Amino acid sequence: MTKRIAALAFAGLLGCGEQEIRAIERLPVPASPDRGPLQVRDGDLLTDKGTRLRGATLGVDTSPGVAFDQALFDELSHASGLNAFHVYLENYEDESGANAEQADRLVEFTSKAGMYLVLGIGGGHMNGDFVVEKVRSFWDFYGPRYAGRTHVVYEIQNQPELTCDAVFSAETLEMERETYARIRAVAPESHVVFLSYNAIPTAEALGGALDALDGVDWSNASVAFHGTPKCVPSAELLHTLSASRDRGVAAFASEVPNAAPFSETGVFEAARVGWINFHWVVQDRDLAAFRDGHDSAGVSWCPDFGTWPQDAERCTAP
């Protein structure tokens with residue numbers, strides 16, 4: 001079934017009782033406050049402390065039984081200079097809501113650690129494509145569930161196309177527009193992440209897609225891309241970012257390849273853009289090695305908490 005046919009087939013299901021029940025489910029607001037909403041300033045994406053997103057990525061969709069505990073997130077936040085955890089929660093093979101218990105735990109772990117949680121749909125075995133029924137049912141379920149949690153960020157769909165040098169297809173852009181409206185109907189204040197390129201896009205491809213996404217309030221939304229230098233060398237990242245920043249749109253690297261050298265973090269820091277690494281937590285939980293590697297590469301940043309890689313109470317750089 002093609003995406004377009006699937007879209008029409010699914011449209012008739014939207015008014016069913018199950019969808020209506022799910023639309024009112026919300027996770028209770030915690031007694032202790034979450035991090036404040038992300039901010040877009042002059043085309044840059046910043047936290048409530050004025051810092052950039054820096055974090056780790058994990059695919060719960062492919063590893064639903066992975067064990068987490070509060071200690072891991074506390075170490076990420078307070079000892080390893082990170083403020084974000086990026087999770088692909090489910091993919092098209094999963095019934096929407098299948099990993100809700102794991103998601104609820106991640107929401108609480110990250111909140112207590114003072115971190116942001118970027119939550120989205122993974123590609124599974126269909127990387128570079130999407131199933132519109134899944135996109136709709138996923139956000140109908142999770143959109144209202146965390147609408148009141150200001151530290152939870154909604155990523156529409158990881159890499160819905162495998163292109164970085166051409167504008168996304170009209171069909172994909174329509175899915176992004178429709179999903180944005182769908183999320184806004186149940187989570188009007190949640191930050192929404194678009195596009196999620198599989199590599200650093202060219203400035204022309206990114207600019208064309210942004211121009212086509214009419215009706216988006218970019219003061220509470222952003223664009224993601226993987227930090228893979230497939231179409232654009234990382235040394236030319238600033239040129240790509242000019243396409244978003246000139247339009248007042250923020251962007252960040254939602255997935256830095258797990259084989260990227262520590263020095264690559266310095267490229268994103270120099271470009272003043274947030275980054276989330278795919279190696280740590282997925283391949284390796286030895287965060288001492290994460291710290292030592294960046295120290296050896298001479299890469300540093302101002303963390304939200306703790307004393308590494310700088311003292312958060314003394315440093316001022318974003």
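A salt bridge here is a side-chain nitrogen of Lys or Arg within 4 Å of a carboxyl oxygen of Asp or Glu. This is a predicted model, where local features need pLDDT of at least 70, side-chain atom pairs count only at pLDDT 80 or more, and totals for chains, interfaces and linings use all residues. Residues are numbered from 1 along each chain as its sequence is written, and side-chain values use heavy atoms, with hydrogens and water left out.

Q: How many salt bridges does the structure hold?
A: One of them pairs the side chains of Asp 48 and Arg 35 at 2.6 Å, N to O. Shared partners also tie Arg 136, Asp 140, Glu 178 and Arg 182 into one network. The total for the structure is 18.

Q: Is Arg 35 buried or exposed?
A: Buried means under 20% relative accessible area, exposed over 50%, and partly exposed in between (1.4 Å probe, protein chains only). Arg 35 has a relative accessible area of 6%, so the label is buried.

Q: How many residues apart are Arg 291 and Glu 75?
A: These two form a salt bridge, with the closest N and O atoms 3.6 Å apart. Helices (H or I, at least four residues) and strands (E, at least two) are DSSP runs, numbered from the N terminus. Arg 291 sits in helix H10 (residues 287-297) and Glu 75 in helix H3 (residues 70-78), so the pair links distant parts of the chain, and the separation is 216 residues.

Q: Which side chain makes a polar contact of 3.0 Å with the side chain of Thr 57?
A: Thr 57 is found in strand E3 (residues 54-59) and is buried, with a relative accessible area of 0%. A polar contact is a pair of N or O atoms within 3.5 Å; within protein, one must be able to donate a hydrogen and the other to accept it, and residues adjacent in sequence count only if both atoms are side-chain atoms. The Thr 57 side chain also reaches the backbone oxygen of Ser 254 at 3.1 Å. The side-chain partner at 3.0 Å is His 86.
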